[in-house]
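Here are some exercises to work through with the model open in your viewer. Try each task before you read its solution.

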Amino acid sequence: MNRHQRRAEDALRKERIARANAELQRDILGASRAFDTAFQAEIADELARDGQGRAVTCSAGCAHCCNQAVFMSFGEARAIATRYPAAAKAALPEFERQLVLQRELGLPQGQRTLEAADKDPEREAFLARWFLAKIPCALLDKKTQRCTVYEARPLGCRALAVVTPPAKCEAVTAETPVEERPVGFEQKEAYELARGQHMAATHRRFGRVLMGLMPQMMQWAINHSDESYDRARAEAQR
Ligand code: SF4
């Protein structure tokens, strides 16, 4: 292959990667936005039905739930790293620190299938352990308490809303009795639909579906090039 052919092939490869990244963004963010709309509608219905005059108390600048351990697909991580490269890179040292904390708290490491994550009997216990350790998300702006990747935040971050005063979320400790904990809404029916769409988009882009906790997924998404995914995919298909 001569120099011109190599250049032409390189240009084609870059174009293909840019198109695949754009499709991943469109599919992941499209499913997430549709979920937001459906989630709000489901909550409004539920509140109207229970007739107690309650309203969602979550608002911008309140980030107590950003201490949660977030499970996400690799597609979501890659969509964040592509759309918000500066915020993702700035968070990398904190993600690496959190990988060490994850080990210390006994949380699962590395990648898992969606099924393994869903069926893990320890899931609720380790999610609680992380939340109670009050470790803020690496993507949270600590001054403004706002998400630095808000438009592309994972589905898990969108699937939470409470109707109790925000101070209640802040005050939760391991000792807080269950009846005094915030009253909230979590994953609704629309979540399963959006999650399925995320899985499909991730599979289309990377040839498989990887799930994991945010520090690991984000570290891989930031540190690896598009070319390396293409190589891994080609090898997996051989
Ligand atoms: S990604 Fe954004 S919304 Fe989700 S936990 Fe982190 S800071 Fe909060």
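## Exercise 1: the covered helix

Start with the buried residues of H2, which are Phe74, Gly75, Glu76, Ala77, Arg78, Ala79, Ile80 and Ala81. Buried here means that 20 or more other C-beta atoms, placed from the backbone, lie within 10 Å of the residue's own; 12 or fewer is exposed, and in between is partly exposed. Helices (H or I, at least four residues) and strands (E, at least two) are DSSP runs, numbered from the N terminus.

A note on the model: it is predicted, so local features need pLDDT of at least 70 and side-chain atom pairs count only at pLDDT 80 or more, while totals for chains, interfaces and linings use all residues. Residues are numbered from 1 along each chain as its sequence is written.

**Task.** Find how many residues of H2 are buried, and what they pack against.

**Solution.**
- Step 1: 8 of the 10 residues of H2 are buried, so the helix is mostly covered by the definition above.
- Step 2: These buried residues pack against helix H1 (3-50), strand E1 (71-73), H3, helix H6 (155-158), helix H8 (189-206) and H9.
- Step 3: For context, 26% of the 238 residues in the protein are buried.

## Exercise 2: two crossing helices

**Task.** Describe how H2 and H9 cross, and which residues meet there.

**Solution.**
- Step 1: The axes of H2 (residues 74-83) and H9 (residues 214-223) come within 8 Å and cross at roughly 50°. Axes are lines fitted to C-alpha atoms over the stretch in contact, with angles from 0 to 180 degrees between N-to-C directions.
- Step 2: That angle makes H2 oblique to H9 (under 35 degrees is roughly parallel, over 145 roughly antiparallel, 65 to 115 roughly perpendicular, the rest oblique).
- Step 3: Phe74, Ala77, Arg78, Ile80 and Ala81 of H2 meet Met217, Met218, Trp220, Ala221 and Ile222 of H9; contact means C-beta atoms, placed from the backbone, within 7 Å.
- Step 4: By class, this contact has 9 nonpolar, no polar and 1 charged residues. Ala, Val, Leu, Ile, Met, Phe, Trp, Tyr, Cys and Pro count as nonpolar, Asp, Glu, Lys and Arg as charged, and the others, Gly among them, as polar.

## Exercise 3: Glu94

**Task.** Is Glu94 buried or partly exposed?

**Solution.**
- Step 1: Glu94 sits in helix H3 (residues 85-104).
- Step 2: Glu94 is partly exposed because 17 other C-beta atoms lie within 10 Å.
- Step 3: Glu94 and Pro215 are 121 residues apart in sequence, yet 8.4 Å apart in space, C-alpha to C-alpha.
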